[in-house]
Amino acid sequence: MNLSRLLTQKQPLIGLSPMDGVTDYPFRQIQAQIAKPDILFTEFVSAEGISRGGVKLYDQLLFSPNQRPVVAQLFGKDPDAFFSASQILCHLGFDGIEINMGCPAKTVTNHGSGAALIAKPKLASEIILAVFAGVGEYKKNLSLQSLALPEKIKKVILRNQKFSSFISKKYASPTISVKTRLGLDKPVTEKWISHLLKHPLDFITLHGRTLSQGYAGLASWSEIAKAGKLVSSTRTKLWGNGDLVSRRQALDFCQKYGTSGALIGRAAVGNPWLFANRSATWAEKFSVMLLHTQIYLDTFPLRRFEPLRHHFLSYTLGHPQAKKLRARLVAVNSLPGLLKLEKDFVL
Ligand SMILES: Cc1cc2nc3c(=O)[nH]c(=O)nc-3n(C[C@H](O)[C@H](O)[C@H](O)COP(=O)(O)O)c2cc1C
């Protein structure tokens, strides 16, 4: 179903939050197969990067039809790059385009991107308008060839289209959304969200912490509730985010704090069953580790094995022999090597 329609027809929506280094194609594929959230997001990707030649970044934008609705998230600070990047995301067939105004990482905020945009409402508006203009431009002219992009980017766009079974001539109308935080050093929720609401965004996801909090302390859902009240007279939906540990809890919080949806991040890492409100046996976890590895190796045959180990450690959380298993998992570097651990892992 078209995401704009889903937003009006189903509430609340509970999605998987975007996580850099985590929500790549294999992770989303596992999540979609095990317990599909209502919506999935890519890792954030640089608007400047994808529009100016960062061919490798297009790996982060791979998806398959069973992951829909899938939203691509952009970060950056240059409206021109967002204009170009949003046209590219339309050509890739994404159901939505999201602008990151919430990332607290210094590598991102030092450049004026992510949560640093909260301090620059005028620039934030220019970026949002650039995304609307980019989508409008795509609707006027569906030809990939007419885009002023390096040839190597057009080639990689065609590769991604093929991977995602997206037919480029098909008219797409992605949602446009922002993910952000409560403020910089202190919450300025009402002022900041009111500013964002000057634009006809489809939804805003609000993480219940300020930039300076990073991930410390607890997310303030009472601040999120303030934003929930503000959107009630607009077309924009408000989703909450922060510290949720189950789909059931997310649904409760949506009702309690008046939001149309919620995103769950860290709690889903190593635990895709969370979206089905159930826990898994160790045998199931081991099978999923194997499947995750297989999808990763098939999708990225030239990549190093190491990034997978991080996921293995998440799947083993709470295992009675976690310490012993982890010591062995950090040395695994192939699918057969992983298979050898089965008898010790599955109790
Ligand atoms: C490893 C990691 C990477 C993240 N990368 C992104 C990102 O690319 N884009 C984004 O909007 N948020 C990102 N976040 C923030 C999450 O989407 C989410 O807002 C945060 O984890 C709080 O939700 P949670 O308490 O459910 O985990 C990241 C968080 C983590 C832990």
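User: Among contacts in the protein between residues at least 6 apart in sequence, what percentage join residues at least 24 apart? After that, please look closely at helix α6 and its place in the fold.

Analyst: The model is a predicted one. Of the contacts between residues at least 6 apart in sequence, 72% join residues at least 24 apart. The chain forms 15 helices and 8 strands. For 347 residues a compact globule would have a radius of gyration near 20 Å, and the protein agrees, with 20 Å. The C-alpha trace spans about 55 × 50 × 40 Å along the principal axes, and 49% of the 347 residues are buried.

Domain 1 puts 10 residues into the contact and domain 2 puts in 11.

Helix α6 covers residues 121-140, 20 residues in total. From the first C-alpha to the last, α6 reaches 29 Å, close to the 28 Å expected at 1.5 Å a residue. The buried residues in α6 are A124, I127, I128, A130, V131, G134, V135 and Y138. Viewed down the axis of α6, these residues fall within an arc of 150°, so they line one face of the helix. The general rule behind such a pattern is that an α-helix has 3.6 residues a turn, so residues three or four places apart point the same way. On the other side of α6, K122 and K140 are exposed. The partners of the buried residues are α4, β4 (96-101) and β5 (175-181).

In soluble globular proteins, nonpolar side chains tend to be buried together.

Leaving aside neighbours within four places in sequence, I264 is in contact with I14, L16, S17, L244, A250 and L274. L16 is part of strand β1 (residues 13-16). L16 counts as buried because 28 other C-beta atoms lie within 10 Å, where 20 or more are required. Not counting residues up to four places away in sequence, L16 touches T23, Q31, P37, L40, F41, L263, I264 and A268. The C-alpha atoms of L16 and I176 are 17 Å apart, and the two residues are separated by 160 places in sequence.

Strand β5, which packs against the buried residues of α6, is also among the elements that cover the buried residues of α8. Helix α8 takes in residues 189-196, with T189, W192, I193 and L196 buried. These four cover an arc of only 95° around the axis, which puts them on the same side of α8. Besides β5, the cover of α8 includes β6 (203-207) and α9 (221-231).

Conventions:
Residues numbered from 1 in each chain as written. Predicted model: local features only at pLDDT ≥ 70, side-chain atom pairs only at ≥ 80, totals over all residues. Contact = placed C-beta atoms within 7 Å. Helix = DSSP H or I, 4+ residues; strand = E, 2+ residues; numbered from the N terminus. Expected span 1.5 Å × (residues − 1). Buried ≥ 20, exposed ≤ 12 C-beta atoms within 10 Å, placed from the backbone. Arc of directions from axis to C-beta. Rg over C-alpha atoms; globule rule 2.2 N^0.38 Å.
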